[in-house]
Amino acid sequence: MLTVRELLAEAGESFQLETLAGLSGLGRTIASPRIQKPGLALAGHIRHVNSGRVQVLGATELSFLSGLTAAEQEQAVAGLLAADVPCLLVTKGLEVPDVLVREAERREVPLLRTPLVSSRLISGITAYLEQRLAPSTTMHGVLLDILGVGLLLTGKSGIGKSECALDLVQRGHRLVADDVVRVTRREPSMLIGTGADPIRHHMEIRGLGIINVKDLFGITAVREVKAIDLVMELVEWDQAADVDRTGLDEQTVEILGLPVPYIRMPVRFARNMTTIIEVACRNHLLKSVGHHAARLFQERLEAELAQAARPPGSRGPR
């Protein structure tokens, strides 16, 4: 949820918003990123009004309203505001009818105005609201861009996530976030990860302390955001009895309601985790284009076993 007060504080300057009436209603909440133009509502079709959407009135709506009698204007505006809308937003800096100002103040519905044209305002505020209202969560881990694959490394504290990430950065891959990863769901089915201020671009290496990856390795060693394509959990070797040995048992983990491919990777002294992580990302890329090495191996093995089981001299299927 987003209040009209927060909208004004965060984006009021960008969209050049001014408040004409309804200051006492700034606590009203915006529940949907979609914008609505209430032309039908002003004509009496109130049931089509969505109470969670910003209502945008342009030249067409105000022209229709001005063509009504005073009594009809009162009825049209009262009907629209009775739908419990979060706010009204007039575009193009148009003159606002007195009835709209009066009723917005009386019913405590914020009445805003912008000099922007309707099309520009709607596209801009929709993009802002989609990002602002998107479901989000915070996860403990390290997010990296490896060969274009957004890899989220997870595991208990001290298992070596940051050390692996540092080695991968030295190999030319890019850090997105260390320790705290902010994950946002973008429709229809994308998870976007980013770092949290003020620790963005920083990493904690035990024994060294806090380092700034951007300052040490340059701007090409970091990126601000990345879609999460693969989750790898690092686990202690003695806790890895049930890990996949063939690559056929594909697992997923759910983040914000979306399934993400998941690998449970055992960690052991002298095991080259950086190379294994790189190979996992390369293998994920192959799978994404339909080349599944483990399945192809299984199919070839089954075909050879079937051939070996046939009686001598028999022919295979034509």
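Predicted model: local features only at pLDDT ≥ 70, side-chain atom pairs only at ≥ 80, totals over all residues.
1. Strand β10, residues 190–195, is mostly covered, as five of its six residues are buried. As a general point, side chains in a regular strand alternate between the two faces of the sheet.

2. Strand β9, residues 174–186, runs antiparallel to β10, and six bridges join the two. A hairpin of three residues connects β9 to β10. Within this pairing, Val 181 stands opposite Gly 195 of β10.

3. Strand β10 is also joined to strand β13, residues 225–227, by three bridges, and these two strands run antiparallel. Here Ile 192 has Ala 227 of β13 as its bridge partner.

4. The count of salt bridges comes to 16. One of them links Arg 132 and Glu 10, with the closest N and O atoms 2.8 Å apart. This pair links distant parts of the chain, since Arg 132 lies in helix α6 (residues 118–133) and Glu 10 in helix α1 (residues 4–11), 122 residues apart. Arg 132 has a relative accessible area of 30% and is therefore partly exposed. Glu 10, at 42% relative accessibility, also counts as partly exposed.

5. A further salt bridge is formed by Arg 171 and Glu 278, whose closest N and O atoms are 2.9 Å apart. Arg 171 lies in the loop between α7 (161–170) and β9, while Glu 278 belongs to helix α9 (residues 273–288), so the pair ties together parts that are 107 residues apart in sequence. Why is Glu 278 classed as buried? Its relative accessible area is 13%, and buried means under 20%. Arg 171, by contrast, is partly exposed, with a relative accessible area of 37%.

6. Glu 224 forms a salt bridge with Arg 200, the closest N and O atoms being 3.4 Å apart. Glu 224 is found in the loop between α8 (213–217) and β13, and Arg 200 in the loop between β10 and β11 (202–205), so this pair ties together parts that are 24 residues apart in sequence. Arg 200 is buried because its relative accessible area is 18%, where the cut-off is under 20%. Glu 224 counts as partly exposed, at 38% relative accessibility.

Technical notes
Residues numbered from 1 in each chain as written. Heavy atoms only, no water. Buried < 20%, exposed > 50% of the residue type's maximum accessible area, 1.4 Å probe, protein only. Helix = DSSP H or I, 4+ residues; strand = E, 2+ residues; numbered from the N terminus. Pairing = 2+ DSSP bridges. Salt bridge = Lys/Arg side-chain N within 4 Å of Asp/Glu carboxyl O.
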